[in-house]
Amino acid sequence: MNRREFLRSGAVATSLPLLSSAASSANPSSSSQQILRKAGQLSWLEGKEPALKLGRVWGKPWAEGELKRAELLKLRSQMGTYVPLQSWPTAFWPDGSVKWTAHAVAGGYTLGEHFSIEKGRGPQPQKAVKIHRGARYFTVDTGVFKCVVPTRDNILISRLERNGKVIAQDARLVGMRQNLPDIEPGQNAKIESFESKIKQVQIEQEGPVRAVIKVDGVCRTESRREWLPFVLRMIFYAGDDSMKITHSFIYDGDDQQDFIRAMGLEAKVPMRDALYDRHIRIVGEGHGLWAESPRGITGLRRDPGQAVKAAQIAGEPTPVLESWDKRVSSRLHWVPVWNDVTLTQLNANGFTIRKRTKAGHAWIDADQGGRAAGVAYVGGISGGLLMGMRDFWQLHPVQLDIRDCGTDMARATLWFWSPEAPAMDVRFYHDGYGADTYEKQLDALNITYEDYEPGFGQAYGIARSSEFTLQVLDATPSRQALVDMADDIRLPAQVVSAPQDILKTAVFGGNWSLPDRSTAKKAALEGRLDWMVDFYCAQVDQRHWYGFWHYRNVMHAYDPERHVWRYDIGGYAWDNSELSPDLWLWYSFLRTGDAKVFRLAEAMTRHNRDVDIYHAGRFKGFGTRHNVQHWGCSAKQLRISTAAYRRFHYFLTADERTGDVMNEVIDADEALATLNATRKLPGEEPLEKGLGRMGVGTDLGSVFANWLTAWERSGDERYRQRLENAMRTVGAQEHGFFSGSFEYDPDKKVLIPVGRGPSVSHLSTVFGLTEMCTELNQLLDIPEFKRAWLRYGRFYGASEQQQQQEFGESFRPSLINAHSRNTAYTAHHEKDEQLALRAWREFHREWRRPDLRSRSIEGPAVLNPVAEVDWLSTNECAQWGLAAIQNLFLIPEALEQYEEALTSLRL
């Protein structure tokens, strides 16, 4: 079925509004009200229009031939007015028409809860964002504030100005490193500071609605060593008083002597107002606010007057000093000035706020709480700077510092690694236990499931990203305005298309359907799909899957005896995309529009694209298999770094960092010549120099994804040619997808058949190969490739007799449940009803669980109350979910004929 046949078929059965559950902005993992997603309309992910009318960006899909490159687009609000819009293409169909667009809307506009994009020319913003080029600076003007960006040296932002006043200046990255993990008396310890150093500054977008400046740089130590390369983007919107900063750095240190003590973003804030008209405001948990002045005038022995006190509490100008009670105004010099304030969040469940009068004197405890927003304002009645960090407490240890606010120049620092935490330690977690040969390593694998190899468990080349907001204010914000901004920083509003509209375009293969509960069997499947997502959303918080390197990943397998996920057991700990939970969650969102699914999938993508992939060093291009540490396993493979897991996030959000990572892996296939994934297997022969081994499942599907993504993003025919050549090679082989593996020439981008007998792995299609082949068969007409794929679907789960007849031998593959979607694909395309029934039998064959209900565990059996299911693993959920979603689309009628479906699906 090609795309046009798909659209003409009954696959899109309804244009009625789709109801989907969504999460509240306060807790995206919780269940909440139903969100109406109207066909033909855009809406806000969490339902309601956000309180703050800030600039926003999102992606929108188009059916092939629907939108030409030169056509203009405009945005129509719910009220019928047209709103300034900036649009650009992010992907193309094979015929050259636009497949995905990205859109940006300016600050200050009301869109409503439902709005639409139409063809035609729209209005320009009243205050367009502009960039002025200078010899050593770029100056961005949003119409509300100006940002001066140097093109060299160590300062990232020279000045933030509003109404002719400098609100903040000299923003830079700062940090410290030490040569020992723990510094004890008598040790030869060295601590040195470092700061940002600019290498290159580029304008990526230049308005009129959205502008982006990209900074490439490194961190430079006191000894002038350059390390920790970073990419930093500053994102501006017309008419907005705030800017976003995204920062991604690569760890390229020696893990035996480079221990990061602190990393943060620092800015200076001029303080012009009287000490009692200055304000420090920090958002705590929820809408809680800690709001004080460097020189407080409430609670004194003498009362300055109610109007004076009320003004300071409200953040408004106090009455002239002469109107105060003289018993206070004449003694103000005796009232302490609190120069320094610190909020420290060293874990996910507790923060403290302290303050002091100045360095050299004791800190005084001010307050404490659970989970701070990571948002603070420093300034006064004539203006100041608001700083905030997304996922602040989740990415602990973190810290907010305000220093010297009683002087003419304060310093505000958002630490994304707190200087009060232990130094960052990324050394491998054990000494190898003597596993110094492949034979010993394979033996150890049989007990801990860890694939260990000396020197492979290194963090060199992994990355981490942080996202900041700077708001340039001309007065102290009201308490409500401050917590509204904190809400937006915690959970940035996202615009989405309706699921039925996404499905209609046939992007991502269109190999899925909208939720359907029209029969008992379908309702049971849908119920289990919902349950799995809800369970994982709750597990993130119950199991405290938080922390700088950990947040947004999930665990692999469960230990029912200890009532914990196997966080400390070799290959059973962090999942690292094993068996494609990313795909399961993204397809779940596409079909439901459910906000909590989106947030879980987005979080996973933002982790895996950075931490589980090597961006530099000897393993660049690879990712790391599941392990106690995200970088610990010696299995470095393309199946983790594949663009297949990132495409959804990029096209739905236009996130530049995700786009960067997909660019990094376009030629990741070249890494296959540097490391053979099957090197430890008995009888494995060394390859000719310059060649690599490409496994059909763990490598080929990943390479397809990387090239396909590059082709659709760029329209460059080189990538199409690579795809077609590889597809023809696979299709021309006697055994097709049962060939097991190919040798590979990365210079020529050529698969080299090895001429072996049929070979199959249970992992062949569980890392995105199924989804990639579905898309390739839609996009490219390579008959021999499609025949090979249909044959694979028919015979992978066939009987021994059928396999013997086809290949002259039989094999006993596992993960039959996961591969049932390939059987279903063949049954659908060849209209084979008996094969469709076999697909449903395969689907239920490895999933006969007696009870799907979770149970609560509390008391002395566990540290904290938790919900558990004995048998659960992320692998099973991900592959069961993908098979259910695709089988429901491909062979829904056969489900009703499968008698055991309800028994197997009992909730």
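Strands here are DSSP runs of E with at least two residues, helices are runs of H or I with at least four, and both are numbered from the N terminus. Two strands pair if DSSP finds at least two bridges between them.

Within the sheet, β5 (residues 73-76) and β9 (residues 114-119) are joined in the antiparallel sense by four bridges. Lys-74 lies opposite Glu-118 in β9.

The model is predicted, with local features requiring pLDDT of at least 70 and side-chain atom pairs pLDDT 80 or more, while totals for chains, interfaces and linings use all residues. Residues are numbered from 1 along each chain as its sequence is written, and side-chain values use heavy atoms, with hydrogens and water left out.

His-430 sits in the loop between β28 (409-417) and α4 (438-448). With a relative accessible area of 14%, His-430 is buried (under 20%; exposed is over 50%, partly exposed in between; 1.4 Å probe, protein chains only).

Leaving aside residues up to four places away in sequence, His-430 touches Glu-450 and Tyr-452, where contact means heavy atoms within 4.5 Å. The side chains of His-430 and Glu-450 also make a polar contact of 2.8 Å. Such a contact is a pair of N or O atoms within 3.5 Å; within protein, one must be able to donate a hydrogen and the other to accept it, and residues adjacent in sequence count only if both atoms are side-chain atoms. The His-430 side chain also reaches the backbone nitrogen of Gly-432 at 2.8 Å.
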